[in-house]
Each structure stands twice: as structure tokens, then as C-alpha cells.
Amino acid sequence: MSQADNALTFQYRLSVLSRFCAAILGGYFFTAYSISLLSLLLPTSKVDAVLYSVCLSILIYSCVFIAVFSVRSLIHIWAALVVSIGAIALLIGYIQGGS
Amino acid sequence: MIYGLATLLCFGAFYAFAMAKTPHYKSVFGSRPSQKQTQQFKLAAWIIILLSFLVNLTQAIGYGSLMFCGQMALSVLLIALCVTYKPHWLRSLLYVLPITTGALAILIAVL
Amino acid sequence: MKDSFFRSMTWLHTWVGLLMCWLLFLIFFAGTISFFRHEISLWNQPAVHSIENNKVQQSALIDAGLEYLGKTAPDANRWWIGLPSPRQPEVQVSHRHSQPDGQRDKWIDERLDPNTLNQVDGLVDTRGGNFFYRLHFDLHYMDRKLARWLVCLASLFMLIALISGIVIHKRIFKDMFQFRPQKGVRAWLDAHNLSSVLALPFHLMITYTGLVTLIFMLFPDPANTLYEDGVKGFRADFYPERQRTEATEQQLSTPAFNSAFEHFRLNWPEQKIKRVIVDHPSNMSATIKIYGDNGTLIRDEHPYWQYSGTTGELLKTARLDPSSGEVLYGGMIAVHSGRLAHPGLRWLYFICGIAGCIMIASGCIMWAKRIRERLKPEQSPSFGLKLVEALNLGTIMGLPLATAGFFYANRLLPADIADRAEKEILAFFIVWLASAIAAGIRRNKRVWQGFAYLNAITWLLLPICNALTTNGNLMTYIVEGKWILASFDLAFLATAAAFALQGKKLSSKVNAVKVKPAQKRTLNREQKA
């Protein structure tokens, strides 16, 4: 907190805002895509696959949220989020196209 | 009634957990506990709390676990309030608690 | 690296907690009260207080309900019979009527005394516990969808605050029983730790499962991936009982309701029934839907049987043998709503919920106190600090007061006033608004103390108000064994006592920090040892 008081500069505020965006929005889309992938991969019935993946979603979301706030470099965070979301989306597209 | 027994056990376990801590032991009994006493309390606490959980589970796995969570909350609350405001109440509990729990267990076994 | 992790978690805990804490307090408060949703509905409806607990068999009650509905509402498009439980002594009979030109169908609710099978007279228009239940996730005076998204965001923040809290307060388990009421800000920290640790499994469970209850709004994606028409398709698959049957042109002259129930009782004699719904009762497409009672099973959706109303044959069953995904999902929702709980567990749920409220409240208060302590004498508090303090006072002290206002309104408003249910809710919000305004004007210790005493007096007078406006009072409830109503009076008194204690505590702090005799004794003993 003392750092916050000392460095309430515009840049600091912007970086905090960016981090919250990464955690809330980035985490949201990461979770949404990864549970979609999970539901495709689960070998159970369709209803069960949906139910399992939505029940897990909050766990994934909160892990990503915490991770975003524990990694120091903002650029790494955004890069990791964008790359992983892109990869998962491609994988989903591949599986859906194949079947 | 069985849930009552489990609650008593749970309360006893947290009583032992609290007494395993030197400041609380001191405020209740007035003297410093020996290291052996502390260890005994801690061991007893873990055994009793496991027992309490098992007693809850014998009734129903899901419902029993929910009861166990609630019982833990209630026990910690009561112990914390006693330790803060009425520490001397806890002194007699060292004997009263095992006796009541035992009596209730026997009563349940007989019935 | 490790050090910076803890620092960032501390930062996260503070800010995630503070940003949403008042909304979270409201959600926790309303949720905690809604554990007694049906009990509040009972309290709010004095006409059903005199109903004795049901001793009549379910089959007779269903027959009576069907007969009653057949007489009073033959042209309804749906009948609904809710069977009595220990929490709801009366039989609920409702019927729904189509409205012209696309308006929403209209429900008419009535109730039967299960022992005499007569209609209960003198019902008042009230939302009862359903108000708090809805307030818990729909908020009020607000678009429902937006409110639910806000509640989701707040719950997510709560979950993050809990996780980061566990990470940063490694010592919370060590100092689990510690509470030092005489030590200023430390006392609030102790209260914060104690209330979070003692119900930590509950807090984590209730927050996680709370998010799961709204999960298909939050994450429709798996359903969208697997089903052509998304969540709608999933729901059709998951809830076969929600499929509509359309009415036909033909009228039904001899309904086969009896043979349907005979078949049910013959094949599932042990199954208790929760409710019975009849769709298009006087039409050839009549269907009977029977929902089984789950009892204390950790399961949300009810086992379901669907019979034809014209032939009495079994058309469909669902959830007699739930799949593992259903058990997981339904189980999460069931432990959140706590519908399965008997009075013992219900009270434990309530205690844990109150602990959650205290956790949130002490967190917000601590934040404001710390900032204020750090102010230099000549510095005037910033707008942010003032806002936080006003919101703290207005929410933490105002909400209980508003709840009492809701109960008073229920007893004191005339029975025949128009839109009575809405006026009760209005009373709740007026009291809350008034508290918030008072908090906006001034919020020193004296105002806190004033609010505490005001709360104490208000809650203390509530049982008296109840005794004066209804036929019962605490004594008669105890004598007649009406434990639900008796516990209301006792809970009101306990709330009053708690607020009085707090007021007293604040006044001793206003004057001077005095050492109480009990503490002196312990101090002496410690010195001797």
C-alpha cells in the first residue's frame, strides 16, 4: 500500500487498470474457451460433459485471476493470455471441423 | 442425537486445539503447559476431530459433511468467545466434556 | 520473488475486497436471511400461524387439492399443488390463467388448511422470505440481467479475496482463537480473522457454488459448443420436464387423474411427493407432473414422473437415477440453497452466514480505520475515505434496521391497502435510504453508537409489536410447541441484545479505555505466573 501512495502516477494507475482487465476479461475468455475445449474432450454424455466443464469453470477462472496478479510483467501476462486463448480456439475449431 | 454427539466431539477437539496453544492454556489454567502436555493436546485434538467427522459420516456422507463444517464453525466461535471473556469456564470443561461425551455415547449405544 | 508474491496478494486482497464489499455485504446478508425464506413467509402471513402441523396423508391432500382446483379453476391452463412440509404447514394450491394478447400468464395463489381441507382466509399480500431470496441475486429496482452480472462479479471478487486472504494470512490458523477486544484496530483484525477462519469451508463453498448457480449465464460456452441451439438445447436435454405441451381444441370430459396416482402409488409406494402440477387440466392434452421430495439428499432437481391426464398412463420419468455430472452440479446447487437442511443444520448455515457478514463488515471497517489512523492531525480526510466510511455505516448498520422495518411494515400496514407487498419492500428501502442519508451527514463514533442503540430498540420492540398485532406471542408459541414462530421472537431478542452490547462497547470506547474487572483478573494471573 505504501508503494501505492508513493507512486499514484498516471502510469501506475494505467497498469493497475490493465491488470484488472487482464484478470477479469482475459480470465473470462480464457476460461470460456478452455471449458469449451474440455467439454469437447470429455468422453461422457453431452449433458454430463457440459455440467462437468461448467462446474470446473470457476476454479479455472480464479486460478487465472490469481496468476495474473502474481506475475510481475504485464506484457508477459497479456502475451500468455492471447497466445493460449488463440491456441485453444484453434484446437476447438480443428476438433469441430474434424467431426 | 448422533449429530449431538458429533457436535460435542467437535467442540472437544477445538477445545484441545486451543489448549495446545500456550497463551490460551495460560489464560485458562494460569500456568505454562509443558511441552509434553502441548503435544498431547494436539494429538488428542486431531484424533477427536477425525472421530467427529467419522461419526457425522456414518449418518450420511453429504449431509454429514455439511453438518461437520457447521459444527466446526460453532465450536471455534464458542471456544474463541470463552477464551476471550470467560477463560475460567473452560477449566472445568477439561473433566466435564469427556464425561458428557462418554455418557452420551453410552446412551446412544444402549438405545 | 516470493516476497513480491505475498505483497501482490496483500494488495489484491485489500482492493478486491474493498471494491465490492458493500454489494457483497448485501448479498451475504440477504442470502443468510434467505436460509429462513419459508419461515419468513410463514411469519409474514399470520393467517396460517394457527394451522397445526399436517397429519393427513399426502394422497388425501392431493385429492383434496385437485378437487378444490377442479371446482374453483376448471379453465386454468395450469394447476400447482405444493404439499405441506415442516417449514410450510399449509397446502398451496395455485392456478394460472392465460391472458389476452400476449400478456404474461396470471397466477392466483390460494392455500388450504391440511387438517380441515378448507381454504385459509385472511391472507395478506406479502412477498415474505421471497423478497430476501430475490434480493440475494436479483437485487431490486434494477434490470435483472445486469443485477445478476454484478452479483457474479462481486462473487468472483469474493472468491479471489478469500484465496488471497488465505495466502497472506498464514498465521490465521495459528491464532485461530485469538480475539483481543480491547486493542483498537487489532480487535477488528482479530474479528476479521476469526469470522473468516471459523467458517472458511463454508465461505469457500458458498461463494463457489453461488457462482455455479448462475453459471449458464456466466459461461454458456460449453453448451454452445456441444448443442446446435446452445443453452436452450442443453436445457431441453437436461430438463425434460420443462417441455411444454400445447393445448388442443378438444375438451376433456372424464379426467384420469385417479388412475395416474394409483399407478404411481403402486409402483413407488415409499416416494414422498413435493408438488404436483397439472397442465391444461380440462383439455385433451392434460398432463400430470409429479415431483418427488428429495428429503436430505444432496440433490437439487426432483425426481419426476409425467402421466397423461386423459388415459392415466406413465409417459415419462426423469432423474430417478441421476448421472454423475448431474450429481455434481445438482449437489453444488443443493448445498448452496440449503433446502435439504433440517433445523439444526439450518441454524449452522445461518451462523456461518452471519460469520461471513461479520468478515466483510470488519474488513471494510478496518480499511477505513487504518487510513484514518495514518492521517496527520492537520490533514482533512479525502473524499474517498469519507465515502467509504459513509457506505460502511449506511450498509452495516442500515441493512439490519431496514430488515426490521420490513417486518414492522408487514405487521402494521393495513391488510386491504393496494399493492401491499410492494409497500413492505418500499418500507425496507426507505429505512435503508434514511440510514444512508444519516451516514452521509455524519459518521463519528457517536452516530455508530446511536445506530447500534436504535437497532437494539427496534429489534427489541418487534416481538411486542408481533404480540399486539397477532393472536400469538412468545409464551403461547412455546406452550403450543410452535418452534418456528418462537425462534423468530428469540432471534429478534438476540439481535437486539447483540446491538445493545455493541452500543455499550462503543460508549466505553467513547469515554475512555477502561480495563474491565475480568481482564484485570487475567492480567493479574498472567503477571503471577
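Mentor: Start at C:Leu139. This residue sits just after α4(C) and takes a positive phi of about 50°. The model is predicted, so local features need pLDDT of at least 70 and side-chain atom pairs count only at pLDDT 80 or more, while totals for chains, interfaces and linings use all residues. Residues are numbered from 1 along each chain as its sequence is written, and chains are lettered from A and ligands numbered from 1 in the order in which they are written.

Now step back into the helix itself. α4 of chain C covers residues 129-138. Seven of its 10 residues are buried, so α4(C) is largely enclosed by the rest of the structure. Buried means that 20 or more other C-beta atoms lie within 10 Å of the residue's own; exposed means 12 or fewer; partly exposed is in between, with C-beta atoms placed from the backbone. The buried residues are C:Gly129, C:Phe131, C:Phe132, C:Tyr133, C:Leu135, C:His136 and C:Phe137.

C:Arg134 is also found in α4(C). How is C:Arg134 classed, buried or partly exposed? C:Arg134 counts as partly exposed, because 18 C-beta neighbours lie inside 10 Å. Follow the chain from C:Arg134 to C:Gln243 and you cover 109 residues in sequence. In space, the two are 25 Å apart, C-alpha to C-alpha.

Next, the domains. Chain C is divided into domain 1 (1-47 + 130-169 + 342-507) and domain 2 (51-123 + 239-322). These bounds come from an automatic or database domain assignment. The C-alpha centres of domain 1 and domain 2 of chain C lie 37 Å apart. Six residues of domain 1 of chain C are in contact with seven residues of domain 2 of chain C. Contact means that the C-beta atoms of two residues, placed from the backbone, lie within 7 Å. The domain 1 side of chain C that touches domain 2 has two nonpolar, three polar and one charged residues. In these classes, Ala, Val, Leu, Ile, Met, Phe, Trp, Tyr, Cys and Pro are nonpolar, Asp, Glu, Lys and Arg are charged, and the others, Gly among them, are polar.

Chain C also has a sheet. This open sheet holds seven strands in the order β3-β2-β1-β4-β5-β6-β7, with antiparallel pairing. Two strands pair if DSSP finds at least two bridges between them. The edges are β3 (106-112) and β7 (314-318) of chain C, each pairing on one side only. On average, neighbouring strands of this sheet are turned by 15° against each other, direction ignored. Axes are lines fitted to C-alpha atoms, for helices over the stretch in contact, and angles run from 0 to 180 degrees between N-to-C directions.

Zoom in on one pair. β5 (residues 287-292) and β6 (residues 304-308) of chain C are antiparallel over five bridges. C:Ile290 has C:Trp305, in β6(C), as its bridge partner. Helix α3 (residues 58-72) of chain C packs on the sheet and touches β1 (78-82), β2 (91-97), β3 and β4 (273-279) of chain C. Its direction makes about 35° with that of β2(C). Helix α11 (residues 257-267) of chain C lies across β5, β6 and β7 of chain C, at about 30° to β5(C).

Last, the partner chains. Two pairs of chains touch, and chains A and C have the most contacts. That contact takes 29 residues from chain A and 31 residues from chain C. On the chain A side, α2 (10-41) and α3 (46-70) give two or more residues each. α3(A) gives the most, with 18 residues. By class, this side of chain A has 17 nonpolar, nine polar and three charged residues.

Chain B meets chain C too: 27 residues of chain C are in contact with 26 residues of chain B. α13(C) gives the most to the chain C side, with seven residues. That side has 21 nonpolar, four polar and two charged residues. No contact joins chain A and chain B, and their closest C-alpha atoms lie 18 Å apart.

How values were computed
Helix = DSSP H or I, 4+ residues; strand = E, 2+ residues; numbered from the N terminus.
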